[in-house]
Amino acid sequence: MSDLFNVSSSPHVRSKDTSSRIMFYVVLALLPTTAFGIYNFGYRALILILVTIASCVATEWIFEKIVHKKSTINDFSAVVTGLLLALNLPPTLPWWEAVIGGVFAIAIVKMMFGGLGQNFMNPALGARCFLLIAFAADMTKFAIDDYTGATPLAAMRNGEAVNAMDMLIGKTAGTIGETSAIAILIGAVILILLGVIDLRIPGTYIVTFVIFLVLFSGHGFDFNYITAQLCGGGLMLGAFFMATDYVTSPITPNGRILFGICLGILTGLFRMFGANAEGVSFAIILSNLLVPMIEKITIPRAFGLVKEAKKHE
Amino acid sequence: MSKYTERLYNGIIKENPTFVLMLGMCPTLAVTTAAMNGLGMGLSTTLVLVCSNLLISAFRKVIPDGVRMPAFIVIVASLVTVVEFLMKAYTPDLATQLGVYIPLIVVNCIILGRAESYASKNPVLPSIFDGIGMGLGFTFGLTCIGIIREILGAGQIFGVQILSLEWFTPITIFVMAPGAFLVLAFLVAVMNIVREKMEAKGKPLAAPSGCLTGDCAHCGQSAMCTGKKSE
């Protein structure tokens, strides 16, 4: 009872949410996607996921040992980074390249800038883009077991027809975690129900992207084509799990909408007019860089504050 | 330490143009895709730097203060033209590799920086050693960056394959532009650690700037300097 009469300075009411709790929710929401990836691509996907997570956690631990800082591996954020990075890798990637990706994500993108909460760019996607440039051949090799052809996005780019139903379920070639739109949506529903993310960023992202497709793809309002574009590549995974990263997305409500619009336009530009079939990761890390500016112009007006009248000369 | 070896030490370690002064960043980032390119760029810059320091120091009492910049540029540009023709004649491959960055030595900050802050105020012989020191420091920096980028990006050193491609996958990002920034940043960090250790041991390392003497009244950068002492 004595707690009730505790006299202290504010804050008096604290949320139960902690970093580790939220990270745990994210891992939970990623489980369907992870499970489907392992089911779809077999044991190699499992090994790659474990190696990447281990590499991220180990890097964080070693880095903090070297610079004599308190270890933060208990907040699960390195696990989330590792898992997200692994889900963004093709299942045939050599394991040591995945290790380099993990080290890059944690040591360079995250810890060099001050650790969790200070990184200006999503660590998992920063590392994915690094690997994409560093090991271009291995990162775009998606042939495994039954899947011998190109990814659906690459096929669509070449004007071939794709089966949107397969892409919804996930029976296609691609990175470990991006293929099944349904599994990702299950995870997204979990995150939204738990209140971890709100719909502003993914919602505006997807709507803007669809509008961009209708206007510029040359297919008009072709339902099949739009569904395939939405389910193909990393768009779903990116929209719900990576664009919504707390550290690298705006905190202002209007800023989130603006952020989503930026993402949609950039992804559309990269996919329609860029050199590659896919552009989600580059769109997200590019928009991450815009976040400070977006936040600056979307600061909400404080209650009761009157706009300063323009000075007359 | 004599005045001359002090200039060499100053250029290579204390005020290394690449890692401490951060001068001449364009060639540093652009041409260091291979160790040979870095070495070639560094040595040609050294040659120009030594000659320009010599000439500017020799003419320092003749050049009027108001037109010293155009005068320096004319001297440096003539020297660069000579070096460019020499390289085209004797090392045509390297000249093709370095391309536009050879003529761009004219506007290299290191050369104008040394002319302005050292050669135009000091006698000929120390100026020559200053040029050698700074040039070697620049060569050292560029070659280091080049070696690291070449090993990681192609598995080679000076064009010799040392990591067999049978088991080594070149990390191609290191021979592209982002790799230059990454490697430079890491080497600057290493250099800062080394300098910190040296300072802890009591070796003299003044702040890397033109303000070594503290004589603001006679400093060339006095007009733009923000940390100027009140006179």
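Let me start with a term: two rings of Phe, Tyr or Trp count as a pair if their centres lie within 6.5 Å. Keep that in mind as we look at this structure, which is a predicted model.

With that cut-off, a search of the whole structure gives ten aromatic pairs over all chains. Here is one of them: A:Phe104 and A:Phe130 have ring centres 4.0 Å apart and planes at 10°, so they are stacked. The pair links distant parts of the chain, since A:Phe104 sits in helix α4 of chain A and A:Phe130 in helix α5 of chain A, 26 residues apart.

Now, who joins them? B:Phe174 does, and together with A:Phe104 and A:Phe130 it makes up one aromatic cluster. A:Phe130 also touches other residues of chain B, among them B:Ile171, B:Ile173 and B:Leu182.

That takes us to the contact between the chains. Eleven residues come from chain A and nine from chain B. About 740 Å² is buried between the two, and carbon and sulfur atoms give 81% of that area. On the chain B side, B:Thr169, B:Ile171 and B:Ile173 lose the most area to chain A, together 51% of what that side buries. What about charges? Between chain B and chain A there are zero salt bridges, and two residue pairs are in polar contact.

Last, the nonpolar cores. The largest has 96 residues, and A:Phe130 is among those with the most contacts inside it, along with A:Leu30 and A:Phe241. A second, separate core of 28 residues includes B:Val31 and B:Ile111.

Notes:
Residues numbered from 1 in each chain as written. Chains lettered and ligands numbered in written order. Predicted model: local features only at pLDDT ≥ 70, side-chain atom pairs only at ≥ 80, totals over all residues. Heavy atoms only, no water. Core = buried A, V, L, I, M, F, W, Y, C linked by side-chain atoms within 4.5 Å. Buried < 20%, exposed > 50% of the residue type's maximum accessible area, 1.4 Å probe, protein only. Contact = heavy atoms within 4.5 Å. Phe/Tyr/Trp six-rings, centres within 6.5 Å; stacked < 30°, edge-to-face > 60°. Helix = DSSP H or I, 4+ residues; strand = E, 2+ residues; numbered from the N terminus. Buried area = accessible area lost by both parts, 1.4 Å probe. Salt bridge = Lys/Arg side-chain N within 4 Å of Asp/Glu carboxyl O. Polar contact = N/O pair within 3.5 Å; in protein donor to acceptor, adjacent residues only side chain to side chain. Lists of a residue's contacts leave out its neighbours within four places in sequence.
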